[in-house]
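Here is a short report on one protein chain. Look at the fold before reading on.

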Amino acid sequence: QVQLVESGGGSVQAGGSLSLSCAASGRTFSTYSMGWFRQTPEKEREFVSGITWTDGSTYHADSVTGRFTISRDNAKNTVYLQMNSLKPEDTAVYYCAAAYRRNNWSLRGMDYWGKGTLVTVSS
């Protein structure tokens, strides 16, 4: 019932910035915790950033803390990921995911997934 569509991916130089957006369908967007995950051919899909449905608390993986910021606009059914000081190791396909009334970031616990958007960071 929920469709997620990521946008904003692209290619940037190391140290640059990029902003990702995830547009969600439905009128119950506010009841879903939202997360960003990333995946490369050499690494398993991993959690990047999350924001809860309850109070909007944010969580970030250690690898991106201080550089990435997740936010949401429930009125627009959209979640964002602002990425600053990008590094080549940030290169990956970034996926948006939604979990209905759940505040954990387990891969198997997410109810819906977008198709991903590619982020490439060159050195």
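What share of the contacts in the chain with a separation of 6 or more comes from residues 24 or more positions apart? The share is 57%. Keep in mind that the model is predicted.

**Overall build**

The chain has 11 strands and 0 helices. Along the sequence, the pattern reads β-β-β-β-β-β-β-β-β-β-β. The radius of gyration is 13 Å, close to the 14 Å that the globule rule gives for 123 residues, so the chain is as compact as a globular protein of that length. Taken along the principal axes, the C-alpha atoms fill a box of roughly 40 × 25 × 25 Å.

**Surface and charge**

Of the 123 residues, 41% are buried. The accessible surface of the chain is about 6,400 Å². Carbon and sulfur atoms account for 47% of that surface. There are 12 positive side chains and 10 negative ones. The centres of these two sets lie 7 Å apart.

**The cores**

The largest nonpolar core holds 27 residues. Which of its members touch the most other members? They are M34, W36, V79, L81, M83 and Y94. Several strands give two or more residues to this core, among them β3 (18-24), β4 (32-40), β8 (78-83) and β9 (92-100). A second, separate core has 5 residues, including A97, A99, W105 and M110.

Take V79 as an example from the largest core. Leaving aside neighbours within four places in sequence, V79 contacts L20, S21, C22, F29, M34, W36, I51, I70, S71, R72 and C96.

**Two loop residues**

N77 sits in the loop between β7 and β8. T54 sits in the loop between β5 and β6 (58-60). Are these residues buried, partly exposed or exposed? The table gives the values.

| Residue | Relative accessible area | Class |
|---|---|---|
| N77 | 16% | buried |
| T54 | 47% | partly exposed |

N77 counts as buried because its 16% falls under the 20% cut-off. T54, at 47%, counts as partly exposed because that value lies between the 20% and 50% limits.

What does N77 touch, not counting residues up to four places away in sequence? N77 is in contact with C22, A23, A24, S25, G26 and F29. Now turn to T54 and E6, which are 48 residues apart along the chain. Their C-alpha atoms are separated by 23 Å.

Conventions:
Residues numbered from 1 in each chain as written. Predicted model: local features only at pLDDT ≥ 70, side-chain atom pairs only at ≥ 80, totals over all residues. Heavy atoms only, no water. Core = buried A, V, L, I, M, F, W, Y, C linked by side-chain atoms within 4.5 Å. Buried < 20%, exposed > 50% of the residue type's maximum accessible area, 1.4 Å probe, protein only. Helix = DSSP H or I, 4+ residues; strand = E, 2+ residues; numbered from the N terminus. Contact = heavy atoms within 4.5 Å. Rg over C-alpha atoms; globule rule 2.2 N^0.38 Å. Areas by Shrake-Rupley, 256 points an atom, 1.4 Å probe, with all protein chains shown as cover. Lys, Arg positive; Asp, Glu negative; His and termini not counted. Charge placed at Lys NZ, Arg CZ, Asp CG, Glu CD.
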